[in-house]
Amino acid sequence: MVEELAQADDAVAACVDAAVWPLPEHELVAALDAAHRLQQRLAAVTLTLVREIDGRGTARAHGASSTAVWLRERLRMTVPAARRLVDLAAALDTGHPQVRQALADGVVTLDQARVIADTVTTVNTTAGTETADKAVGVLVEWAGQFDPTLLRRMGTRILDHVAPDLADAAAAAALAADDARATRDRHLTLSAQTDGRLRLTGILDAETAALLRAAIDPLSAPAGPDDTRCAGQRRHDALTDVCRLALRTGDLPEHGGDPAQIVVTTGYDALTRQLGAGTLDIGLQLTPDTVRRLACDATILPAVLGGQGQVLDVGRQRRLVTGALRRALVLRDGGCAFPGCDRPPRWCAAHHIHQWADGGPTNLDNAVLLCGHHHRHLHHSQWTVRLGDDGKPEFVPPAWLDPEQLPRRNHYHRRR
């Protein structure tokens with residue numbers, strides 16, 4: 001193996017200084033694909049070597065306390081990164097040979113392999129080996145379309161595809177476990193510094209995180225073109241403003257036509273029968289007990305959906321059509337609707353599909369959520385947007401980008 005790797009090293013070294021500017025575009029893209037595929041295959045080789053080194057106890061023989069620490073010294077990695085490598089090598093060797101083969105074939109990335117291994121381990125615990133094997137095939141196929149972040153999110157509902165009869169029970173158990181872990185791990189530490197400053201560290205549960213974000217997000221946007229504060233400084237100043245407002249009146253400034261608020265989405269049957277989970281407008285899920293408790297709070301807006309996901313009722317804090325319309329738009333789109341964008345609702349504005357200046361109405365059928373970048377992009381490019389047969393936004397690329405002009409959708413904000 002050492003000789004083969006040395007030959008591969010020589011071949012790659014010959015490419016490092018090769019001029020790429022003469023390449024036609026199709027060869028340039030093909031070269032990038034080849035380099036990326038080679039990188040994943042080398043990752044598979046690396047995992048095999050790490051697994052063998054860990055199994056032999058080489059690290060301790062060399063005086064290191066663990067393989068991760070040894071890798072830090074040997075390869076100049078951080079210990080957390082080395083530990084993830086060791087854990088993944090063990091997982092792929094003992095329980096997920098299909099994932100390792102997909103990595104070796106260059107069809108999944110190292111990060112995707114880690115996501116698949118984590119997801120399949122959960123499926124194996126919940127539904128058994130046979131179902132886990134089915135999940136591997138589905139996840140590897142999805143890896144050809146989705147990045148690791150979206151793949152992990154979609155993996156939370158993998159049982160819907162490979163074992164639908166077990167999906168609801170497994171989702172309920174996972175949600176309960178997440179809720180218990182969040183309750184256990186929640187904490188906030190205030191450490192006084194010698195100069196009178198305060199250091200804040202901690203972990204917030206989903207409900208508290210939503211409250212904090214609802215309070216500071218509207219205040220964290222740049223104040224104008226002359227605002228030179230970084231994002232962290234803006235969040236710091238927003239927290240200062242929230243504390244001052246809370247001490248004085250408790251009122252918060254408006255954002256997107258509405259006061260800062262939390263929207264909890266739940267099904268009508270789930271709410272009336274007191275079962276089922278809810279979803280915050282930032283994408284996090286809540287247990288049934290938490291949903292029912294929040295629905296009683298006048299500052300929380302319960303959004304009730306019918307069986308097909310249509311909005312039946314959106315709670316109102318004041319009688320403005322624009323406020324209710326925006327909340328319905330947030331529930332439908334979940335964030336910026338442009339394909340591939342993960343911007344949440346609070347960073348988005350409502351775009352008129354048929355321009356308002358051209359007589360387009362202001363209603364749900366003529367609106368779509370877009371972040372600032374994609375709002376500008378849509379106005380100054382050949383992309384078009386429309387609502388599909390199911391009432392969800394879909395975007396048609398220009399002919400130069402896709403000659404067939406197949407409609408595309410955003411998968412980041414799908415709740416199921």
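Predicted model: local features only at pLDDT ≥ 70, side-chain atom pairs only at ≥ 80, totals over all residues.
A residue counts as buried when its relative accessible area is under 20%, as exposed when that area is over 50%, and as partly exposed in between.

**Salt bridges**

The structure holds 14 salt bridges, and one of them joins R51 to D93, whose closest N and O atoms are 3.1 Å apart. R51 belongs to helix α2 (residues 25–56) and D93 to helix α5 (residues 79–94), so this pair ties together parts that lie 42 residues apart in sequence. With a relative accessible area of 47%, D93 falls between the two cut-offs and is therefore partly exposed; R51, at 25%, is likewise partly exposed.

A further salt bridge links R213 with D217. Here R213 counts as partly exposed, with a relative accessibility of 30%, whereas D217 is buried, its relative accessible area being 14%. In the salt bridge between D333 and R332, both D333 and R332 are buried. The N-to-O distances of these pairs are set out below.

| Salt bridge | N to O distance |
|---|---|
| R51 and D93 | 3.1 Å |
| R213 and D217 | 3.8 Å |
| D333 and R332 | 2.7 Å |

Beyond such pairs, R386, D390, E394 and R409 are joined to one another in a network of salt bridges.

**Two helix pairs**

Two packed helices are described by the angle between their axes and by the distance between those axes. For α2 and α5, the helices that carry R51 and D93, the axes come within 9 Å and cross at roughly 95°. Angles of 65 to 115 degrees count as roughly perpendicular, and α2 and α5 are therefore roughly perpendicular to each other. On the α2 side the contact is made by T46, L47, V50, R51 and D54, which meet L85, V86, L88, A89, A90, L92, D93 and T94 in α5. Sorted by class, this contact of α2 with α5 has eight nonpolar, two polar and three charged residues, and R51 and D93, the partners in the salt bridge, are among the residues that meet there.

Helix α7 (residues 110–127) and helix α8 (residues 129–143) pack at an angle of about 155°, with their axes 8 Å apart. Since angles over 145 degrees count as roughly antiparallel, α7 and α8 are therefore roughly antiparallel to each other, and α7 passes α8 in a right-handed crossing. The residues of α7 that take part are Q112, I116, T119, V120, V123, N124 and A127, and they meet T129, T131, A132, A135, V136, L139, V140 and A143 in α8. By class, the contact of α7 with α8 has ten nonpolar and five polar residues but no charged ones.

**Two loop residues**

S66 is placed in the loop between α3 (58–61) and α4 (67–75), where S66 is partly exposed, with a relative accessible area of 26%. Its C-alpha atom is separated by 9.2 Å from that of R83, a residue 17 places away along the chain.

N366 lies in the loop between β10 (348–352) and β11 (367–371), and with a relative accessible area of 6% N366 is buried. When neighbours within four places in sequence are left aside, N366 is in contact with H351, H352, I353, H354, G360 and P361.

Note on methods. Residues numbered from 1 in each chain as written. Heavy atoms only, no water. Axes fitted to C-alpha atoms, helices over the stretch in contact; angles between N-to-C directions. Helix = DSSP H or I, 4+ residues; strand = E, 2+ residues; numbered from the N terminus. Parallel < 35°, antiparallel > 145°, perpendicular 65-115°, else oblique. Left-handed = near helix turned anticlockwise from the far one by under 90°. Contact = heavy atoms within 4.5 Å. Nonpolar A, V, L, I, M, F, W, Y, C, P; charged D, E, K, R; others polar. Salt bridge = Lys/Arg side-chain N within 4 Å of Asp/Glu carboxyl O. Buried < 20%, exposed > 50% of the residue type's maximum accessible area, 1.4 Å probe, protein only.
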